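Open the model in your viewer and get your selection tool ready. We will go from stop to stop, and at each one you will hear what to select and what is there.

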Amino acid sequence: MRQESQTRNFDYVLRITYYASRFAYYVLLISHYVLMAGPLFADEQLTLADGGQSEYVIVRPAKSSPSQIYAGEELQTFFKQITGYELPVVTDAGGLPAKSILLGWTGHSAAIAEKVDLELLADDGFSLQTKGDHLLIVGGPVRGTLYGVYEFLEKYGGCRWFTKTHSVIPERKTWKLSPLNETRLPAFAMREPFWWPMFDGNLAARNKANGNRMELTEKHGGKVRFGKHMFVHTFNHLLSPGKYFKEHPEYFSEINGVRTAERSQLCLTNTDVLRIVTEAVLRDIREDPTAKLFSVSQNDWDGHCTCKPCLEIDTREGSPSGTMIQFVNQVAEAAEKEFPNVWIETLAYQYTRHPPKTLRPRHNVVPRLCSIECDFSLPLDVSPFPQNVKFVEDIKGWAVITDKLFIWDYTTNFGHYVGPHPNFNCLQGNVKFFRENHVVGLFEQGNYQSPHGEFAELRAWVLARLLWNPDQDIEALYDDFFRGYYGPAAKPIRNYFDQLQALTKDPGHVLRIWSNMNSPWYSEEFFATAVKLWEEAEQLTADHKVFSYHVRMSALPVMYARLVRWPEMDGRYQFEDGKFTAVGLEKDYIALASEFLKRIAEGKVTALAENSQRHESFITLLKSRTKGLKPVSIESGHLKASVIPLLGGRICSFTYGNDINILHVEKGGIDFVDLSKPLVQVEDAPYKIYSAGAASIHLGRIGRDQIPISKVISLEKEALKVTAVLENSGGRPQIVRPVLRAAFDLGDANSVFVKFGNERWFNVPAQADRNVSGTTVGLRGVASPELTLASSETGRQVGLQFSGSVDRVYIECDVRAGSTRIHVFFAAQELAANSKSEFALMLKPMPPVAGLPRVNTKGDHSPNTVVIEDCFIGLGRPGEWGEWVADDDAEDGFAAKLFNSHYEWCLQWRTDPGLFVPGAIYKVRARIRVKKTDQQGEAFWAGVYDIRNKKDQGQIAPKTEDVGETYKWYDLATWVPESEQYVWVGPGRFDKKGGKTSAIEAVFVDRFEFKKVE
């Protein structure tokens, strides 16, 4: 029965909130400062405590709800902390004490209280009144009474609950209360500051947050809750492509005329889909009948269905929200027959954000509008950013057609939880804007994964207060928090806070939820000032443990931004004392990184970003640079190998019966990558150990990759075996391009010889004008080739055998480093959905070889020339924008082929300063051929771009009439190669909107060459 009452009251609050702006009668209600009759007994005060003693008694209903019982306990607890006196708690079963604090609607309340509309108070509202010697905290049994107690303690007792572990409770032996008579109603029926600090149930209740994620129990009055597994993005949960697609592809989206399960939605006009989803929703409700909300909502991507029936509805309604609302309405109608008090939530998100023209959500359907595309530097309705203008139009459209509009808003930087994010300028304005547009449920998503995000405690607290009453003095709230949370450091931190927020007050500055730490509004001057202010704050709190901790954790964002923004250093790893150690790094960087890691550990910060791989990679980078990384070893007989799991899962040493490591650890040892992504110099993504034995180890790459990589490294039959497994975890086939790399220390890289199988040895020439020389060997179609490497200078040799079809092997000799590195490019392979593919290497130490000719190369091998082959140049969207192909006209027999369907800068090579003479000027050219059509136009465009300074270092765009169809060298730029730059090539531009097609069939890029300018 109580659940039914809660539901009815919740509905009523929503109706009242919605109609408040439409009727003058509720003008005061919409301000959420509803004052009833004037003050009673204006000349009298209640003396609640005097000299640490009190005559008052707390009275609650004999049939109190759990939250009313807890309200009495909370009032008793904090009253004692304030005055030193513990008030007794009784029920209304006895007589009315001479002096009392009445909680809820007791048996004595009717005779004392001013008239109170209990139905209007609903679940969360309350009234505070004084009458004679009595204080009445009138509220319903759900949360109203408890909220009234917290309001009283906060407003009239000075209590502040800033975090789970930090409150400010003033001490006052004498407490007098002036007459009062006021009623409070929340601005929103569902209030969810989705921030880690606010998940604690006690803190959430004390700040009147009642959202789904908060750990609110029965004593807190519960919460507005979603059903289990039915929170958001539920299409795949309700109708799984893994279960249904093979037999029924028609259940899923038709995209470009093809039904697909990969990044797909449901076909919302299919009657079987409606039946299956409805049955699934009813099943979930039956399993969790006390929940209020169940989400029937799209997956977290586009891919909506464009079959004829779906397209007809969406075209008629002017938005894919047409099919969505029609479908969800039908599910909700069926659900209402069995569960009349349940609401069906859906998303108005990305492609469904625009409201339908004629369709209307049913009364038990809750659309949730999402602001993910918007700018958050200023309030949504103030920023001139185009997506904000569209969002304002959309919310106004939804507000007209539903009285149950929810909002999913965004209040953090998901790429950098622990990084400056100056969005406070928009918070209060956005909440007011939502209220003005009749929103009844507000979800403010922040850093939900870890403590100590950027000003996380402040945001959680301020947002909770604004969601209850958006009209509060925001500056007073800030002052209150800074003073209470940072103590003596409040002034410098407030100074920093104000300077940070000022950076994005310019309407031209756009702050998105993925903004980077090099955003244009940041400057070195700002961070220099910030460092001084935080140092001052730390000095001011050095003798106070609690405040010092708050300051040190809150200083993390400036430390993090400085580390991310640190200029590129000529650092490298060397293997010393049994671990990987970074050398060549600046001392200030090492000190800052070390302190940052120390504080991250102290604060138990486990998420620097929403993507766990980004967090792990950054932490691993800092650890490797400051502390070094110890390997994990395996042994079998005379063989021993070591692996660095957190640094690419690479094998860093391999020895046989002696201490000579045949791998070159500083050049990467043995690692494994996928050419579908830009080919990094050395793999440094962290790997997790799944299992380990004496002679083997199984590990996998951490993260959310579409094609996860795992490896089994084992010692067997006098050899090291590396088996790499690529797994397509998606719902559609994917092309994989495995690359296995191994860097060897043969004792000399100036006289390296190679042979395949039983063929003759051939030399890899080390050229005099470069320190890295390379040779490509085409093996297209050769399965499981065998390769032997040897140095004629030292006689040291190793044997390799590969399992899988290989396209080519690239062998590079770095004379100065003394390394010989091979790159084995396996043939591209289509990996079926939910399938795996294995590629393996067997590495055998071999006896010294004799009789190979000595090689003497003249010159000092300075990097006067640097050659970058096509396979090392990053290709965006392989298979869509281009691919790697065999090309007899290319110097090494292979090239990157760029398609004519676009003109993106799809081929990019990030400059590596370590390959060049520091500060020297180089001329870069590209070897390119163009296959033309019978039209005239642009053949290609290419150049060098400086990311940091946002400018071109050079660019060309030849016309088709100026190029031949054979390979030719094209000069692109002359400049000093530095970090954060890249060389790029794209197919020629054409007028897509005007219908003109490209003037080329394809562009083939063989290589880039850099020549030092003397």
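**Stop one: helix 19**

Start with helix 19, where seven of the ten residues are buried, so this helix is largely enclosed by the rest of the structure. Buried means under 20% relative accessible area, exposed means over 50%, and partly exposed is in between, using a 1.4 Å probe and protein chains only. Helices here are DSSP runs of H or I with at least four residues, strands are runs of E with at least two, and both are numbered from the N terminus.

Before you select anything, note that this is a predicted model, in which local features need pLDDT of at least 70 and side-chain atom pairs count only at pLDDT 80 or more, while totals for chains, interfaces and linings use all residues. Residues are numbered from 1 along each chain as its sequence is written, and side-chain values use heavy atoms, with hydrogens and water left out.

Now select residues 545-554, which make up helix 19. Colour Phe 547, Ser 548, His 550, Val 551, Arg 552, Met 553 and Ser 554, the buried residues of this helix. What covers them? Among the covering elements are helix 16 (474-486), helix 17 (490-502), helix 18 (524-540), helix 20 (556-565) and helix 21 (587-602).

**Stop two: the second largest pocket**

Keep helix 19 on screen, as this helix gives three residues, the most of any element, to the lining of the second largest pocket. On a 1 Å grid over the protein atoms alone, a pocket is an open set of points with protein on both sides within 12 Å along at least five of seven lines; a cavity is a set of points where a 1.4 Å probe fits but cannot get out; and lining residues have an atom within 4 Å of a point. This pocket holds about 520 Å³ of space. For such volumes, grid points are joined across faces, edges and corners, and the volume is the space filled by probe spheres set on the points.

Select Lys 164, Thr 165, Trp 196, Pro 451 and His 452: of the 19 lining residues, these are the closest to the pocket's centre. The lining has seven nonpolar, five polar and seven charged residues. In this scheme Ala, Val, Leu, Ile, Met, Phe, Trp, Tyr, Cys and Pro count as nonpolar, Asp, Glu, Lys and Arg as charged, and the others, Gly among them, as polar.

Residues to select in its lining include Phe 235, Gln 265, His 304, Cys 310, Asp 314, Thr 323 and Tyr 351. Helix 11 (308-317) and helix 12 (321-338) are the elements that give two or more residues to this lining. By class, the lining has eight nonpolar residues, three polar and one charged.

Stay with those two helices. Helix 11 and helix 12 pack at about 110°, with axes 7 Å apart; the axes are lines fitted to C-alpha atoms over the stretch in contact, and angles run from 0 to 180 degrees between N-to-C directions. The two helices are therefore roughly perpendicular, on a scale where under 35 degrees is roughly parallel, over 145 roughly antiparallel, 65 to 115 roughly perpendicular and the rest oblique. Their contact (heavy atoms within 4.5 Å) is made by Cys 310, Ile 313, Asp 314, Arg 316 and Glu 317 of helix 11 with Gly 322, Thr 323 and Gln 326 of helix 12.

**Stop four: helix 14**

Select residues 424-436 for helix 14, whose buried residues include Phe 424, Leu 427, Val 431 and Phe 434. Asn 425 also lies in this helix, but it is partly exposed at 22% relative accessibility. Beyond its neighbours within four places in sequence, Asn 425 is in contact with Ser 377, Pro 379, Gln 501, Thr 504 and Lys 505.

**Stop five: two loops**

Most residues other than glycine have a negative phi. Arg 263 is not a glycine, yet its phi is positive, about 50°. Find Arg 263 in the loop between strand 13 (258-259) and helix 10 (271-287); it is partly exposed, at 44%.

Finally, select Glu 980, in the loop between strand 48 (968-975) and strand 49 (981-987). Glu 980 has a positive phi of about 60°. Is this residue buried or exposed? Glu 980 is buried, with a relative accessible area of 18%.
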